[in-house]
Amino acid sequence: MEFSVKMQPELMMNAIWVIIGLVLLLFALAAFVVILVCRKAPRKKPEPKPVKPLPKTWETYRKEAIYSIDKTVDELNKKGIDKREAYQRLSFIMREFISKMTGVDFTTKTLSDFKEMDLEKIPGLVDNSYAHELAIKKKMDLEKILENIGYWYNPEFALKSSANFNADAEKAKQMVRSWS
């Protein structure tokens, strides 16, 4: 009884298996590197949609001005600023307030510019949609504020002043509240 045995070559002996193994190993390494890089890469955050601020109303301007005046009074009382700086801030706050209320830039005008201005031609004061009495009241309010800004020039530019800032700040807040 004769039989023949045909033996297959060992696994390592066949070059195709070695090549397949290397290709699979390289593929696994490439996948590992790609996954690692993707996790570490910064992700773009979606940009938030811009929120349009609500249009500001006269009441908002009033609140901003009163808050700024109160903040200035607090800083003066805590000795964070001196009286001269407080009057400069008060003058700017009131100029900014009337600029917002009238639409005319008062922040860059001098006292002599105020005196030469024709208040009848300011668009925020005399408007056809308002009653005549309201326009007169607004003009009187503006004249009072401009007059007080002129009054505050002395303590604002003096080296030392005996003016009572707290009383002037209360007067300014009252003018802001009473603006029509």
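The model is a predicted one, in which local features need pLDDT of at least 70 and side-chain atom pairs count only at pLDDT 80 or more, while totals for chains, interfaces and linings use all residues. Residues are numbered from 1 along each chain as its sequence is written, and side-chain values use heavy atoms, with hydrogens and water left out.

Let us start with the whole chain. It holds 6 helices and 0 strands, where helices (H or I, at least four residues) and strands (E, at least two) are DSSP runs numbered from the N terminus. Read from the N terminus, the order of elements is α-α-α-α-α-α. Of the 180 residues, 29% count as buried; buried means under 20% relative accessible area, exposed over 50%, and partly exposed in between, with a 1.4 Å probe and protein chains only. Taking contacts (heavy atoms within 4.5 Å) between residues at least 6 apart in sequence, 64% join residues at least 24 apart.

At the start of H6, a side-chain oxygen of Asn-164 comes to within 3.3 Å of the backbone nitrogen of Asn-166. The buried residues of H6 are Phe-165, Asp-168, Ala-169, Ala-172, Lys-173, Met-175 and Val-176. They lie on the same side of H6, because they cover an arc of only 160 degrees around the axis, the arc being that of the directions from the helix axis to the C-beta atoms.

What does H6 pack against? One partner is H2 (residues 58-77), whose axis comes within 9 Å of that of H6 and crosses it at roughly 175 degrees. Axes here are lines fitted to C-alpha atoms, for helices over the stretch in contact, and angles run from 0 to 180 degrees between N-to-C directions. H2 and H6 are therefore roughly antiparallel; angles under 35 degrees count as roughly parallel, over 145 as roughly antiparallel, 65 to 115 as roughly perpendicular and the rest as oblique. Among the H2 residues that meet H6 are Ile-66, Ile-69, Asp-70 and Val-73.

At 8% relative accessibility, Lys-173 counts as buried. Its side chain makes a polar contact with the side chain of Asp-70 at 2.6 Å. A polar contact is a pair of N or O atoms within 3.5 Å; within protein, one must be able to donate a hydrogen and the other to accept it, and residues adjacent in sequence count only if both atoms are side-chain atoms. Leaving aside neighbours within four places in sequence, Lys-173 touches Ile-66, Ile-69 and Asp-70.

H3 (residues 83-102) also packs with H6, at an angle of about 5 degrees and with the axes 11 Å apart. That makes H3 roughly parallel to H6. Residues of H3 including Tyr-87, Leu-90 and Met-94 take part in this meeting.

H2 and H3 complete the picture: their axes come within 10 Å and cross at roughly 180 degrees. That makes H2 roughly antiparallel to H3. In the loop between H2 and H3 sits Lys-79, which is exposed at 72% relative accessible area. Lys-79 has a positive phi of about 65 degrees although it is not a glycine. Most residues other than glycine have a negative phi.
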